[in-house]
Amino acid sequence: MKNKIIIGTANFFNDYGLFKNKVNHKEVYLIKKYLKEKKFLLDTSFNYRNLAKLFKVFTNYSKYIIKISLNKKNKNKLEKIFQNLKLKHNIKKKFYAILLHNTEILKTKEGRKIYQELYKLKKKVAKKVGISTYGAENIEFLQKKKLKFDMIQTNGNILDNRFFQFLKTNRKIKFKEIHIRSIFLQGLLLYKKIPKKFKNHFHNINQIKIFSKRNNLSVLDLLIYHVYKYEMHGMVFGVKNKSEIAEIFNSIKKIKKIKKLEYNYSNSNLSLIDPRRW
């Protein structure tokens, strides 16, 4: 299935990102109610403080994509970490996927051992295993070392096309599933008033708004259309409330009918397209 809808949960119960858009308890339950009849997955992290709260609200654990960052203390304890997690919350089903978030650790002398430990999780803990990265970072290294994964989650949007271009020029590189996050660039591209911090990029962002209006689309429509047209397997959306999720589902219905649009807003300025540099 292409273009699965995945709900990012980093800001559920928590302040998150540049704009600190927290989704409170009431709104989380409204989101749950809205999603009841929808097909969706949930994106979260073992390192998020809100994971236990999420498990209490969304109890279909087979919908969870869980990222984990490894360090010196836990790098040899992957299986134990997730077995304990399942025991603690009485989880019987396998998670949809577990993704390694810091792929740099696979370049260390223990990289292959960590890779093997990750795949052991498929037998007991998750249906799929993969990596979460930025753009195409480390992908060629992993392929060269024959470290194959079921899934990759990376960033991509109307400004940041690095990963899409990488796929075009590296057709031999295959993943069973590719999920794209940062479609709205942490919400920056949807803000009506661009923060002063990004005043040097005002023209680039404003051109997207002008083009959308000219084509009778909302900015949301255009941003989703840009990723949807590549037919990736999943799209990760961050939201602030139930209304925004409804807008996303409605927008996807709308853009399915759009004929090809001609535009190019690709930008290579990392101070804009890479939130790690904000």
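Modeller: Here it is, and we can go through your spots one by one; keep in mind that this is a predicted model.

Colleague: Fine. Where does Gly135 lie?

Modeller: Gly135 is in a loop, with strand S5 (126-132) on one side and helix H5 (139-144) on the other.

Colleague: Is Gly135 buried or exposed?

Modeller: Gly135 counts as buried, because its relative accessibility is 3%, and the cut-off for buried is under 20%.

Colleague: Which residues is Gly135 in contact with, leaving aside neighbours within four places in sequence?

Modeller: With those set aside, Gly135 is in contact with Thr154, Asn155 and Phe163.

Colleague: And how far apart are Gly135 and Ile105 in space?

Modeller: From C-alpha to C-alpha, Gly135 and Ile105 are 17 Å apart, and in sequence they are 30 residues apart.

Colleague: Where is the place of Phe13?

Modeller: Phe13 is in the loop between S1 and H1. With a relative accessible area of 6%, Phe13 is buried.

Colleague: What about phi of Asn90?

Modeller: Asn90 is also a residue other than glycine with a positive phi, near 55°. Its place is the loop between helix H3 (78-88) and strand S4 (95-100).

Colleague: Is Asn90 buried or exposed?

Modeller: Asn90 has a relative accessible area of 52%, so it is exposed; the cut-off there is over 50%.

Colleague: On to charge. Which residues gather in the patch of positive charge on the surface?

Modeller: That patch is made up of Lys22, Arg49, Lys53 and Lys56.

Colleague: Where is Lys22?

Modeller: Lys22 sits in the loop between strand S1 (4-8) and helix H1 (25-35). That is the loop between S1 and H1 where Phe13 has its place.

Colleague: Why does Lys22 count as partly exposed?

Modeller: Because its relative accessibility is 48%, and partly exposed is the range between buried, under 20%, and exposed, over 50%.

Colleague: Last one. Where is the place of Ser212?

Modeller: Ser212 is in helix H7, which covers residues 202-214. Ser212 is buried, with a relative accessible area of 1%.

Colleague: What does Ser212 touch, not counting residues up to four places away in sequence?

Modeller: Ser212 touches Leu217, Ser218, Val219 and Leu222.

Note on methods
Residues numbered from 1 in each chain as written. Predicted model: local features only at pLDDT ≥ 70, side-chain atom pairs only at ≥ 80, totals over all residues. Heavy atoms only, no water. Helix = DSSP H or I, 4+ residues; strand = E, 2+ residues; numbered from the N terminus. Buried < 20%, exposed > 50% of the residue type's maximum accessible area, 1.4 Å probe, protein only. Contact = heavy atoms within 4.5 Å. Patch = residues over 30% accessible without salt bridge, like charges linked within 9 Å, V, L, I, M, F, W, Y side chains within 5 Å. Areas by Shrake-Rupley, 256 points an atom, 1.4 Å probe, with all protein chains shown as cover. Salt bridge = Lys/Arg side-chain N within 4 Å of Asp/Glu carboxyl O. Lys, Arg positive; Asp, Glu negative; His and termini not counted. Charge placed at Lys NZ, Arg CZ, Asp CG, Glu CD.
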